[in-house]
Protein chains: 4
Amino acid sequence: MDEIRKVARERMKGYCRVCPVCDGRACAGEVPGMGGLGTGSAFRANLQALAALRFNMHLVHDVSEPDTRIDFLGQSLTGPFLAAPIGGVSFNMGGKITEAAYISAVLDGCAQAGIMGCVGDGVPDFIHQDGYAAIKALNGKGIPFIKPWEDAEFFDKVDKALAAGARVIGMDIDAAGLITLKQMGRPVSPKSPKRLGEIISQVKVPFILKGVMSVADATMAVDAGVRAIVVSNHGGRVLDHTPGAAEVLPEIVDAVKGQVFILADGGVRTGGDILKMLALGADAVMIGRPFSVAAVGGLKEGVFQYIQRIAGELMAAMVLTGTARADSVDPAILRG
Amino acid sequence: MDEIRKVARERMKGYCRVCPVCDGRACAGEVPGMGGLGTGSAFRANLQALAALRFNMHLVHDVSEPDTRIDFLGQSLTGPFLAAPIGGVSFNMGGKITEAAYISAVLDGCAQAGIMGCVGDGVPDFIHQDGYAAIKALNGKGIPFIKPWEDAEFFDKVDKALAAGARVIGMDIDAAGLITLKQMGRPVSPKSPKRLGEIISQVKVPFILKGVMSVADATMAVDAGVRAIVVSNHGGRVLDHTPGAAEVLPEIVDAVKGQVFILADGGVRTGGDILKMLALGADAVMIGRPFSVAAVGGLKEGVFQYIQRIAGELMAAMVLTGTARADSVDPAILRG
Amino acid sequence: MDEIRKVARERMKGYCRVCPVCDGRACAGEVPGMGGLGTGSAFRANLQALAALRFNMHLVHDVSEPDTRIDFLGQSLTGPFLAAPIGGVSFNMGGKITEAAYISAVLDGCAQAGIMGCVGDGVPDFIHQDGYAAIKALNGKGIPFIKPWEDAEFFDKVDKALAAGARVIGMDIDAAGLITLKQMGRPVSPKSPKRLGEIISQVKVPFILKGVMSVADATMAVDAGVRAIVVSNHGGRVLDHTPGAAEVLPEIVDAVKGQVFILADGGVRTGGDILKMLALGADAVMIGRPFSVAAVGGLKEGVFQYIQRIAGELMAAMVLTGTARADSVDPAILRG
Amino acid sequence: MDEIRKVARERMKGYCRVCPVCDGRACAGEVPGMGGLGTGSAFRANLQALAALRFNMHLVHDVSEPDTRIDFLGQSLTGPFLAAPIGGVSFNMGGKITEAAYISAVLDGCAQAGIMGCVGDGVPDFIHQDGYAAIKALNGKGIPFIKPWEDAEFFDKVDKALAAGARVIGMDIDAAGLITLKQMGRPVSPKSPKRLGEIISQVKVPFILKGVMSVADATMAVDAGVRAIVVSNHGGRVLDHTPGAAEVLPEIVDAVKGQVFILADGGVRTGGDILKMLALGADAVMIGRPFSVAAVGGLKEGVFQYIQRIAGELMAAMVLTGTARADSVDPAILRG
């Protein structure tokens, strides 16, 4: 990983410093780029919320080979984590590799390791086009996330994604705050509960809503028919000064656990972070920037190695807390 | 804005560093200058109190075009914010532009954008003279703030301000702590409730009291007949170690909301900060140092561009919290 | 003061950096020197405890000329503060001025300004000898503090101090933790309640116990017959990781207020800090390192100017909080 | 000590910076090396938990010669502290001295000062071999800690340690999280309560379990027959984001105090830290990295001098808190 990170540091120069801990300090305000919006506090809140949670170590037990597998909307994953949808290599990451090379690296690396990668959306169009091509090349192993466009654009992309073999569709509804898109003549907007329900009905395959940071939105999403939600503040890139995902997760878990698959996204860097999110009630996590660094620095191999590293960390953390299964984590392993 | 800030950084050299986030750290103790008094803690408290508040994101709704307009003492403003009264370009900001050029830039930029600018007071006299001239040139679009001088000086300035067309008069009563003025033979002083009532009766036009940081003062101000109060610690420049405006605002709102127009002043930098103050119960905010930087760096155009930027940020924050109107903000959008 | 501080910075090179805020960070662990012991946390705790207290601003009142005078054990002081006992110019402050010049500057400057300075004790003997000579030269205007030696040494110093004209005797009992003294063959030790009472009876003039940081010690000191206590952690120089004086002061005030004169010592730098200690219930404060810097940098004139500066700050803080008298401060001016 | 630390800084270059305060900031993530795992938060938590505790100073009493001696599993120690088991000079400390020289320095220095040193375990085998040779040379004055290997390896080492004269055997069960060992073909694992009991029965001499960070593990350890536990997060080197030892210690004390000897390990640097752990209920402490620095920098003499320094600090802290005996410390000396 050191070599992969070193290459990434060169390739992402001016866009990402590939810091020892990816915590949003050095890159605060760098949007485009890899930073959080404004003061970067929402990016950092993701990290801080996780860092504030500590593990109760537990060694007098017989769990020496924990099971990290989970079921995700009918598919078996080797570990409880997905690569989050991120696009825009040229303006966010320095453009030293192509969008197509990037998204293939992410999806292929994930598929090889037995987990799942996601595909982003945006302007220009090659972001989703290259993504859907990568999904197609993997026989549908990848999840497209589409922004909350007006209907024509949204459903056109849904159709193309399904044609590429996607079996699940996601919407990152929090992108409704990206006013730059409206300024480009490509308006995005929030969706009323009724409208969200209509969209979900029309999509037909399982629907994931990303950008849920409140109990109210989570409940309305469930009522509208989503199959999964992603608790996420968009990596702190749409609104400064939001809580971290791990802060709001427990409330949302209390409200909708068991009714939908709950993904948590924001600040996850290590296997320990994954285990913390599971202990808070998430069914799985999404990981963003570390996958970008791994992909830019080492392509498919970089992605695969990063997955191996955090899978190992997750195993160790499970042993040290006496956690036998990733799909059934005792909240009491956290001290708070 | 980058170019404007770059010019400001050159022009304000030795007085203001035009930091990425204007937070009172680098300039602590620089009075005169742009800093807070002493350790600068009261300046920083304004920022910290706002930063401690976080937004509950909310996207499942149909607010895509929020209304930012408000009514301010009978006048319609396009946004819920005013430029705070600041003067003394020569000793506080480096003196690379004249006081007249400065205050005209602030008032003109605000008027062009449909909001309102304020005019400061102090020694030497050209501070208020240039300010009143600028108000006159804009047919009264500007609010003079006069220090709590002894009667002769105070009412002389009131008369001159009204003659210039001002329709509202403000007093920054917290300037009573500026002992340097007394040393210059220009004594300022606190005002008893009775004396404050007499002054307000004598002024005749709507009266704004600035420097209210306690429920006791707010209540007495209302009883004395003020039309508006400004919750403000004078940018942390009269007393070290006070709370931030956003900390005391909720208590003051509880006590006098609806009886007077409540302005909050202190640490507001972005559209998100504006929305936070409104959610705490302010009817509008004042913004200080960022307007000075914009005016010194870009004159009227700088002021106008800064207003456009924070208006855009305010819109985005309203969309992302489901806030339809600036004059009716749900406190629940804040997580605390 | 800037010039005085500049001279002090040169003269104290290697011993004190004369930082913008004297907060114990840069000099942590520098004993001898001006720092706190070990990590310096007890020094910093004094500052942090004061910084955590904030003022409720209050301007609608008629206090424009506050009265700062107090009565201290029968003597009238122009302000509620004393110069703390500090000695050892050569090994603590760089030795660019003599011990005699130093202690005369402190006592003379205080006397000229109408307050009171104290004299320290230690090894070598010229520390107390020069101090008592300075007291004698001022006809007794100065308070000697003697370490908790064994009887022969202690009472020998008491006799010499009284012979020099001192009208009050102090003991800094917390010096019992200075094991270096024992290593030099000059043992110091704690005193049992009974022994303390005997010592006080034998001293005859009013007795001040310095180094009281707990309610238990305060109560026993009162029972033993002290006339005043100094709540102090010895500037953080005898034990790492103690609370700050301002943290324990309220409890001690609750226990013994009115029974003895309560001095608070630790982290006081400004007039605002003095007012905070009074609001917590202290009758007056001691100020340490800032007097040393003023004396080394400007001798008697430096001490006098420092007193004028903090007296002005105290006046301003009293105006801005509506405090009429230093001997009767409303605890409600603090927000906590 | 300054010279010893200077030599250590040169010898440990690239492995340990020998910082003014050994707090895990500079070396975060340096494993191998002297740092904490990952972000280093578990290392820092040990320090932070101790730093958060402050002493109530107490001087009105007659304790001037405190007794620091304790009984440890039937042996008398001059002070309530042991050198923790640490090995791997070559890959953790720079390899400028041999493993044999290192461990002899630690054990000899401790024996000379009347306390006890421990011996670590790991790969390669010379770590324990050199350790047991040093124990043998001291006629059994040293405690071997063995990792939780599979039975053959574990009991082989127990036999060798006993043959070397060891009278007590320890197991650092938290090493079960070191997945690198498994990757080297030397698997370690947690132990079920039943298995732990069987191991203890088979060992025959008093058994110490190290790595207990929860009440559950402490209780099961007691039930399994341990004679002592070490509350420890392994210096923050097996799991990122655990509490500090001093945080969990009080709960564990509540549960098992008096039933087993309780050692606390993590972040202890000074005599004050030792006294804090005793006040929280520990019977004695282990100290890790400072002993390594002392041994690498000054061999046996360095270890001895470090012990003298912290013993002196412990005496001073006992005087300043009125603590007469190390084996009976009043929890009320801590303010929290």
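A crossing of two helices is right-handed if the near helix is turned clockwise from the far one by less than a right angle, and left-handed if anticlockwise. The exercises below use a predicted model.

**Exercise 1.** Describe how helices α8(B) and α9(B) pack, and classify their contact.

Solution.
1. Locate the helices: α8 spans residues 193-203 of chain B and α9 spans residues 215-224 of chain B.
2. Take the geometry: the axes lie 8 Å apart, at an angle of about 40°.
3. Classify the angle: roughly parallel requires under 35 degrees, and roughly perpendicular runs from 65 to 115. The pair α8(B) and α9(B) is therefore oblique.
4. Assign the hand: α8(B) passes α9(B) in a right-handed crossing.
5. List the contact: α8(B) supplies Pro193(B), Leu196(B), Gly197(B) and Ile200(B), which meet Met220(B), Ala221(B) and Ala224(B) of α9(B).
6. Sort these residues: six are nonpolar, one is polar and none is charged.

**Exercise 2.** Determine which residues cover each face of strand β5(D), and how the strand pairs with β4(D).

Solution.
1. Strand β5 of chain D covers residues 143-146.
2. On one side are Ile143(D) and Phe145(D), on the other Pro144(D) and Ile146(D); all are buried, and both faces are covered.
3. Strand β4 (residues 116-119) of chain D runs parallel to β5(D), joined to it by two bridges.
4. Opposite Pro144(D) of β5(D) stands Val119(D).

**Exercise 3.** State how many residues of α2(A) are buried, and what they pack against.

Solution.
1. Helix α2 of chain A comprises residues 41-51, and nine of its eleven residues are buried.
2. Among the buried residues are Phe43(A), Arg44(A), Asn46(A) and Leu50(A).
3. The buried residues of α2(A) pack against α10 (245-256), α11 (271-279) and α12 (289-321) of chain A.

Notes
Residues numbered from 1 in each chain as written. Chains lettered and ligands numbered in written order. Predicted model: local features only at pLDDT ≥ 70, side-chain atom pairs only at ≥ 80, totals over all residues. Heavy atoms only, no water. Axes fitted to C-alpha atoms, helices over the stretch in contact; angles between N-to-C directions. Helix = DSSP H or I, 4+ residues; strand = E, 2+ residues; numbered from the N terminus. Parallel < 35°, antiparallel > 145°, perpendicular 65-115°, else oblique. Contact = heavy atoms within 4.5 Å. Nonpolar A, V, L, I, M, F, W, Y, C, P; charged D, E, K, R; others polar. Buried < 20%, exposed > 50% of the residue type's maximum accessible area, 1.4 Å probe, protein only. Pairing = 2+ DSSP bridges.
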